[in-house]
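Please keep the sequence and the structure in view while reading.

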Amino acid sequence: MIKFVNKKQQQPNINHINSISQLVRVLGVPAPLHPLIALVDYNNVPIEMFPKGQKVSLDFYKISFKPTFTGQIKYGQGYYDFEEGGLAFLKPKQVVFPPENMESYEGIALYFHSDFIRNYPLGKTIHHYGFFSYDVSEALFLSAKEKEIIASLFATIANELDNNIDHFSQDVLVSQIELLLNYSNRFYYRQFITRKAINHDIVTSLDKLLNNYFEKENSQKNGLPSVKYISTELKLSQRYLSDMLSSLTGMNTQQYIQSAIIEKAKEKLSTTNLSVSEIAYELGFEHSQSFSKLFKTKTNVSPLMFRQSFN
């Protein structure tokens, strides 16, 4: 399974691949008919073509389809049994590396350059597909029926790539990529639902984390809890956590944090004699005006009006 490395942890020994043609030369597979898109069957790539410990940075998108997984897949703090297969997504400039103990690599990968979709609507909307920012442990695991659909889409793309390039080739391929991404969106939403029990555990951990953050007065020392801090503590990517929370609560991570801040503010306004400025400071705000503005935005009343109406 490919692992992801934070950009801040990048080391000098990174193999930077900036073109599809360079990629196929590295993998030792035939050159594609189109220089900006390629489909690689890893069953035909010798394992020695994946140098151990060699980090790789790609200048293009990658969608990996693995028809089967063996064993348990790590997810958050636990493991998830799902052996039907799955998809993983990679955006340009992401650093990846194969594990040290990799004995074989199976599956299919679609590579396409940003220039391939640049003049199409997909070129402007592809950043909306949040799963390109997910970690590998947050890959899309497919049911048997979903796997059939994805396999069919990959087969259709493969057939199109095997044809001679004509005036319509790029239009057709971009449409097929967009269809693949839209199905992936649908299946990810299903995954949030089928993993509801696990995800609710994450929400419980999030609530506990936020409560401890305020109880231990971290906010006074470090300011308001950030999305980056929360996702790091929960060991989830920022985008996956936000998408997961949206599916369960209707709020992204930032909105969820703000909701927790408001609840803590209400508690202090109703049970203490602290001034609004003192409460703002305890919650981590630099300026009491920012706190008052957020409170009124979320509750439609000012902190003082809330305190008065509560009394």
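A residue counts as buried under 20% relative accessible area, as exposed over 50%, and as partly exposed in between (1.4 Å probe, protein chains only). The model is predicted, so that local features need pLDDT of at least 70 and side-chain atom pairs count only at pLDDT 80 or more, while totals for chains, interfaces and linings use all residues. Residues are numbered from 1 along each chain as its sequence is written, and side-chain values use heavy atoms, with hydrogens and water left out.

**Salt bridges**

- A salt bridge is a side-chain nitrogen of Lys or Arg within 4 Å of a carboxyl oxygen of Asp or Glu.
- Eight salt bridges are found when the whole structure is searched.
- One of them links D115 to R118, with 2.5 Å between the closest N and O atoms.
- D115 is partly exposed because its relative accessibility is 37%, and R118 is partly exposed because its relative accessibility is 48%.

**Salt bridges within helices**

- Helices (H or I, at least four residues) and strands (E, at least two) are DSSP runs, numbered from the N terminus.
- R239 and D243 form a salt bridge whose closest N and O atoms are 3.5 Å apart.
- Both R239 and D243 belong to helix α9 (residues 238-249), where they are four residues apart, about one turn of the helix.
- With a relative accessibility of 30%, R239 counts as partly exposed.
- A salt bridge also joins K266 to E263, and here the closest N and O atoms are 3.8 Å apart.
- K266 and E263 are three residues apart in helix α10 (residues 253-271), so about one helical turn separates them.
- K266 is partly exposed at 25% relative accessibility, as is E263 at 46%.

**Strand pairing**

- Strands of a sheet pair through backbone hydrogen bonds, either parallel or antiparallel.
- Two strands are said to pair if DSSP finds at least two bridges between them.
- An open sheet is formed by five strands in the order β3-β10-β5-β8-β11, with antiparallel pairing.
- Its edge strands, β3 (37-41) and β11 (140-141), each pair on one side only.
- Strand β5 (residues 61-66) and strand β10 (residues 108-112) run antiparallel and are joined by five bridges.
- Opposite S64 stands A109, which lies in β10.
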